[in-house]
Amino acid sequence: MTELKQGLKFSDRYILKESKGSGSFGEVWLAHDEFLGIDVAIKIYISLDVRGIDEFKQEYRTAYGLNHENLLIATHFDVWEQRPYLVMKYCPNGSAANMIGNVSSEKVMWQFIHDVATGLAYLHKQEPEPIVHQDIKPDNILIDENNNFLITDFGISKRIRSTMRKQSGRAITAGATSYMGPERFTKDPAPVKAS
């Protein structure tokens, strides 16, 4: 498997420019889309077998029709070297994690609360089933060029997380422990809207 590194031409189209972070199941890169001539963010997941990729396709189909001003929507899904990846708009202002301890304006805090709550309400109203994020934390709230707050990483269900855990051999629960609601620490935690 090809190592992800700066300068790599990824999927015959994207030049990886800078690693923006990594998590349990993948990496996020700032990349240049040579076809469109713009910078984008790419989330590249771990390598999966055919069944895992099929599950990932189903996840993307579920999230495909979503459209809300406070969600960072993936604009493209594909697979490269057995690794699913999502292409999204690049948010140059980073994440809300950069704001911790640095917010001097109540207006900014109220906008943060409004934007995140509005985005979550939209996800929770989806039919036939609500979409429950499972990992709300400052790193998953990005800030766009107009200083709007956008929720990211919302389309990964319990089922695909389980598949990625099994195929990676990692024993990781959904979500960052320090941001989990108390109901997530039960013997059989089910994703609920309150979380």
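Predicted model: local features only at pLDDT ≥ 70, side-chain atom pairs only at ≥ 80, totals over all residues.
**Around α1**

Stay on the helix and show side chains for G52, I53, E55, F56, E59, Y60 and A63, which are buried. They cover an arc of only 160° around the axis, which puts them on the same side of α1.

**The whole chain**

Zoom out and colour by secondary structure. The protein chain has 3 helices and 8 strands, and from the N terminus on they run β-β-β-β-α-β-β-α-β-β-α. Of the 195 residues in the chain, 42% are buried. Take the contacts between residues at least 6 apart in sequence: 57% of them join residues at least 24 apart.

**The sheet**

Next, select the strands of the open sheet. There are 6 of them, in the order β1-β2-β3-β4-β6-β5, with antiparallel pairing. The edge strands are β1 (9-10) and β5, each of which pairs on one side only.

Walk through the sheet from β3 (residues 26-33), which is joined to β4 by 8 bridges and runs antiparallel to it. For a landmark in this pair, pick G26 and find its bridge partner Y45 in β4. Then go to the hairpin of β3 and β4, where 4 residues lie between the strands and G37 takes a positive phi near 70°.

Now select β4 itself, residues 38-45. Is this strand enclosed or open? 6 of its 8 residues are buried, so β4 is largely enclosed by the rest of the structure. Moving on to β6, you will find 5 bridges in the antiparallel sense between β4 and β6, and I44 stands opposite Y85 in β6. The next pair is β5 and β6, again antiparallel, over 6 bridges. Here H76 has V87 in β6 as its bridge partner.

Q82 is not a glycine, yet its phi is positive, at about 65°. Its relative accessibility is 37%, so Q82 counts as partly exposed.

**The nonpolar cores**

Which residues have the most contacts inside the largest nonpolar core? They are L72 and L86, in a core of 15 residues. The elements that give two or more residues to this core are α1, β5 (74-80) and β6 (83-89). α1 gives the most, with 3 residues. Centre the view on L86 and show what surrounds this residue: leaving aside neighbours within four places in sequence, L86 is in contact with A41, I42, K43, Y45, Y60, A74, H76 and F77. A second, separate core has 14 residues, among them V116, L120, L123 and I143.

**The loop between β7 and β8**

Go now to D144, in the loop between β7 (141-143) and β8 (149-151). Is D144 buried or exposed? With a relative accessible area of 5%, under the 20% cut-off, D144 is buried. Show the side chain and check its polar atoms: one lies 2.8 Å from the backbone nitrogen of N146, and the backbone nitrogen of N148 is 2.9 Å from a polar atom of the D144 side chain. Not counting residues up to four places away in sequence, D144 touches K89, C91, N93 and L150.

Staying in the loop between β7 and β8, select N147. This residue has a positive phi of about 65° although it is not a glycine. N147 is partly exposed, with a relative accessible area of 44%.

**Last stop: a cis peptide bond**

Finish in the loop between α2 (106-124) and β7, where you will find P128. A cis peptide bond joins E127 and P128, with omega about 5°. For context, most peptide bonds are trans, and most residues other than glycine have a negative phi.

How values were computed. Residues numbered from 1 in each chain as written. Heavy atoms only, no water. Buried < 20%, exposed > 50% of the residue type's maximum accessible area, 1.4 Å probe, protein only. Arc of directions from axis to C-beta. Core = buried A, V, L, I, M, F, W, Y, C linked by side-chain atoms within 4.5 Å. Contact = heavy atoms within 4.5 Å. Pairing = 2+ DSSP bridges. Polar contact = N/O pair within 3.5 Å; in protein donor to acceptor, adjacent residues only side chain to side chain.
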